[in-house]
Amino acid sequence: MMGAAGQDQSTLFRGDDTELRLKDAKSVRGTPAKSMPAFILGDELADLAETDPRIVVATADLANSSRTRDFANRHPARFIDFGIAERNMITAAAGMASCGMVPYVATFASFAAILGAEAIKTDCAYPRMPVRIIGHHSGISMGFYGTSHHSTEDLGMMRSIADLTVVCAADANQLRAILRASVDHPGAMYIRLGRGRDAEVYEEVPADFAFGKAAKLRDGSDLTIIATGSQVHASLAAADRLAGDGKSVRVLDMHTIKPLDADAIRAAARETRAILTVEEHNIVGGLGSAVVEVLVDEQRLPFRRHGILDEFSLIGPPAALYAHYRLDADGVTETARELLDRIN
Amino acid sequence: MSAASQSADRRNFSEAHLADRAKFIRLETLRLTRIAGAGHYSSTFSAAELLAALYYAHLRIDPANPQWEDRDRFVLSKGHAAIGLYPVLADLGFYPPSKLDDFTRLGSAFGDHPDMKKIPGIDFSSGSLGHGLSVALGMALAGRMAGRDYRTYCMLGDGELNEGQIWEAAMAAGHFKLQGLVGIVDRNQLSIDGPTEKVMSVEPLVDRFTSFGWDVRRIDGHDMPTVLATLAALKPAGEGKPQMIIADTVKGRGVKYMELSLDWHVGNLVGADYDDAWSEIEAGLQPLETEKA
């Protein structure tokens, strides 16, 4: 059976089946495990906890899927499995934070951010508790698990909460930077991870990472692609292809959705001729909406949002879904070409 | 001598004094309700003896050091009773009583629900029902991890027990064997729409918490000697069953026309309603109608 991207879906289905199957993998399709976010989360937190007794880690019955098991193995007294009770986990983490702990609580993004939204607002953000809510397997990365497990609304919900930092990791090295910078960052934070097997964007841990400061990964003058999370890699690949068309494309990794780097957006509006946002999220409420809130005060320029078009995703193997929703290099390139056609 | 024991020495443990402080809580609730033009007075009256016993005789706290790391934690999960807690904290010296004179006015730290970031002595913000036991659970877990021996207290409303998250926390507390976690249910029998057992029944509470792994006792929450003895008999923080006190109380207790009435959940009190309430509270608790019969 051939999928939308011409890939053999039966192979995809097997390869993308469960996280448990991958828990001891050294590599997935040639990509070393150590360079994938899902595989480093627990160990990176465990490294940080070696020198910081405030760090505690919790999950809601997903220790393997999040690899927080790796933390539990190294710091068993500072790991808590709350069972399948996400709200209790998030609120209890706020209670721990009020007593001096810095809790990292991890579960699927749909349950961390969407089910847990009120606990995040009321117990973490408003009292400015340093709770780090890690939503892994965001967007449509849960594939055939279906809409209940997809999370294409979380950024919109989280970024409307005052005093909450909202950040997306593009790959494992950036996740390391985020986690290291997060420990002493004031207030609560939502950290959005993609599928966990995202391809490498940063060859090493970015030394200049700062919350609220977009990373300019390519400079250019015709178009700026502003991407976040899983779509940074696809956008870089698209920029390479567009270079073949003779187009000069700037790529911004907008890892922090809140506070947003408005200066970088304004600069893009002045220095390039069009802007395209790319996100594995509903185009309503997420990165695209956030960028347009800045652009509305700027001079008009061609603009498009690329993402999920305000619909619940089909089910299917993740790779097939990414192709179907054009959340890959082909899709970003195609949308960028349509946008660039408008200015030529 | 620790700061805490010095502080405790300043407190007066006599039953007569504590009954007087319960009266103070009710009178201050009336006064603040009038400033705000509305207040949850009846849900506060049911908890007056419990709050007086906890704060004036039991909790290990130090008003001069609200962030003392070894203090007992208290989470008012039924945050709408904060109007009765604010005067206690002022009375104990956490802040000057005059701070309450602009209760609920624009920019005041003191609203209908308590805010830990604005008010010394409030260990956690509340207002959204169903969260407090999870907060307290986290505090108790943190205490265990840090090797501290404080206890964590959570006062719950009975209507609040309809919230599912309460039972997530109850399950976890039993699972983690947090003996230092103490729940207190102000079982005042009414939620807004009616008697709890008609709106959404919460009983049998002793059986329910017992089956979740708690050590449960049920007491008269208005009988000061019983409340004091129950608190004094609590086990220390450590590994064992979390401890739950189901305190049978009367919503509106202390003002005859409010007792177990659905008409007096929240609002303002004016004219004779205010004056009658004030004089009844001044006279002290009288037997309930059911007790006279």
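Helices (H or I, at least four residues) and strands (E, at least two) are taken as DSSP runs, numbered from the N terminus.

This is a predicted model, in which local features need pLDDT of at least 70 and side-chain atom pairs count only at pLDDT 80 or more, while totals for chains, interfaces and linings use all residues. Residue numbers start from 1 along each chain as its sequence is written, and chains are lettered from A and ligands numbered from 1 in the order in which they are written.

**Entry 1. The sheet around strand 14 of chain A**

I looked up the pairing behind that bridge. Strand 13 (residues 275-282) and strand 14 of chain A pair in the parallel sense over five bridges. Two strands count as paired if DSSP finds at least two bridges between them. The two belong to an open sheet of five strands in chain A, ordered 9-11-10-13-14, with mixed pairing. Strand 9 (215-218) and strand 14 (303-308) of chain A each have a single partner strand, so one side of each is left without a neighbour in the sheet. I noted an average twist of 25° from one strand to the next. Axes here are lines fitted to C-alpha atoms, for helices over the stretch in contact, with angles from 0 to 180 degrees between N-to-C directions.

Which helices lie across these strands? Helix 9 (residues 231-244) of chain A lies across strands 9, 10 (223-227), 11 (249-253) and 13 of chain A, and runs at about 170° to strand 11 of chain A. Helix 11 (residues 287-295) of chain A lies across strands 10, 13 and 14 of chain A, at about 145° to strand 13 of chain A. Contact means that the C-beta atoms of two residues, placed from the backbone, lie within 7 Å.

**Entry 2. Strand 5 of chain A**

I then checked strand 5 (residues 102-108) of chain A, where seven of its seven residues are buried. A residue is buried if 20 or more other C-beta atoms lie within 10 Å of its own, exposed if 12 or fewer, and partly exposed in between, with C-beta atoms placed from the backbone. Strand 3 (residues 55-59) of chain A runs parallel to strand 5 of chain A and is joined to it by five bridges; there, Val56(A) has Pro103(A) as its bridge partner. Five bridges also join strand 5 of chain A to strand 6 (residues 132-136) of chain A, again parallel, with Val105(A) opposite Ile133(A).

**Entry 3. The two domains of chain A**

The domain assignment gives domain 1 (25-192) and domain 2 (215-341) for chain A; such bounds come from an automatic or database assignment. Their centres, taken over C-alpha atoms, are 25 Å apart. I found 23 residues of domain 1 of chain A in contact with 28 residues of domain 2 of chain A. Strand 7 of chain A gives the most to the domain 1 side, with five residues.

**Entry 4. Chain B**

Chain B has 12 helices and seven strands. For its 293 residues a compact globule would have a radius of gyration near 19 Å, and chain B has 18 Å, which agrees. That radius is taken over C-alpha atoms, and the globule rule is 2.2 Å times the number of residues to the power 0.38. Of these 293 residues, 50% count as buried.

Five strands of chain B form an open, parallel sheet in the order 1-2-3-7-6. Strand 1 (73-76) and strand 6 (215-220) of chain B are at its edges. Strand 6 and strand 7 (residues 243-248) of chain B are joined by six bridges and run parallel; Val216(B) is partnered by Met244(B).

I also looked at helix 4 (residues 48-58) of chain B: 11 of its 11 residues are buried, so it is largely enclosed by the rest of the structure. Among them are Glu49(B) and His58(B).

**Entry 5. The core and the contact between chains**

The largest nonpolar core has 191 residues, and Ile225(A) and Leu137(B) have the most contacts inside it. Such a core is a set of buried Ala, Val, Leu, Ile, Met, Phe, Trp, Tyr and Cys residues joined through C-beta atoms within 7 Å. Which element gives the most to this core? Helix 4 of chain B does, with nine residues. Beyond four places in sequence, the contacts of Ile225(A) include Ala238(A), Val251(A) and Val332(A).

Last, I looked up the contact between the chains, which takes 21 residues from chain B and 25 residues from chain A. Helix 6 of chain B supplies the largest share of the chain B side, 10 residues.
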